[in-house]
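Hello,

Here is the structure we talked about. Please open it and read my notes alongside.

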Amino acid sequence: MKGTAQFPQCGFSGRAIQVLKACGVNKPATVNVLEDPEIRNGIKEYSNWPTIPQLYVKGEFIGGSDIMMEMYENGELQRVLGTPSA
């Protein structure tokens, strides 16, 4: 993400944190892509996605904040994260 969970540096990152908190994830492990040149360069693989991937679970990029929100609304994100549905 851009920034940290405590201080997101863009709206998409902020929204991703909101969705994770709604799923019961209170302390997500975050990586600030702005501080890591290797990760920042690797994100270019996803330049054809509607938004930059914000969530990485069990070795797989899940999607950006828009995809996370859609998954949250239909309960799929809770299943992926292994958290109870709200």
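Where is N32 found? N32 sits in the loop between α1 and α2 (37–42). Helices here are DSSP runs of H or I with at least four residues, strands are runs of E with at least two, and both are numbered from the N terminus.

First, some ground rules. This is a predicted model, where local features need pLDDT of at least 70, side-chain atom pairs count only at pLDDT 80 or more, and totals for chains, interfaces and linings use all residues. Residues are numbered from 1 along each chain as its sequence is written, and side-chain values use heavy atoms, with hydrogens and water left out.

Now the overall picture. The protein chain has four helices and two strands. Their order along the sequence is α-α-β-β-α-α. Of its 86 residues, 35% count as buried (under 20% relative accessible area, with a 1.4 Å probe and protein chains only).

Next, helix α1. This helix covers residues 11–22. S13, G14, A16, I17, V19 and L20 are buried in α1. The buried residues of α1 pack against β1 (55–57), α3 (65–73) and α4 (76–81). Just after α1, G24 has a positive phi of about 95 degrees.

Back to N32. N32 is buried, because its relative accessible area is 11%. Leaving out residues up to four places away in sequence, N32 touches M1, K2, G3 and Q9 (heavy atoms within 4.5 Å). The N32 side chain also reaches the backbone nitrogen of G3 at 3.2 Å.

Best wishes

Methods: Buried means under 20% relative accessible area, exposed over 50%, partly exposed in between (1.4 Å probe, protein chains only). The expected span of a helix is 1.5 Å times one less than its number of residues. A polar contact is a pair of N or O atoms within 3.5 Å; within protein, one must be able to donate a hydrogen and the other to accept it, and residues adjacent in sequence count only if both atoms are side-chain atoms.
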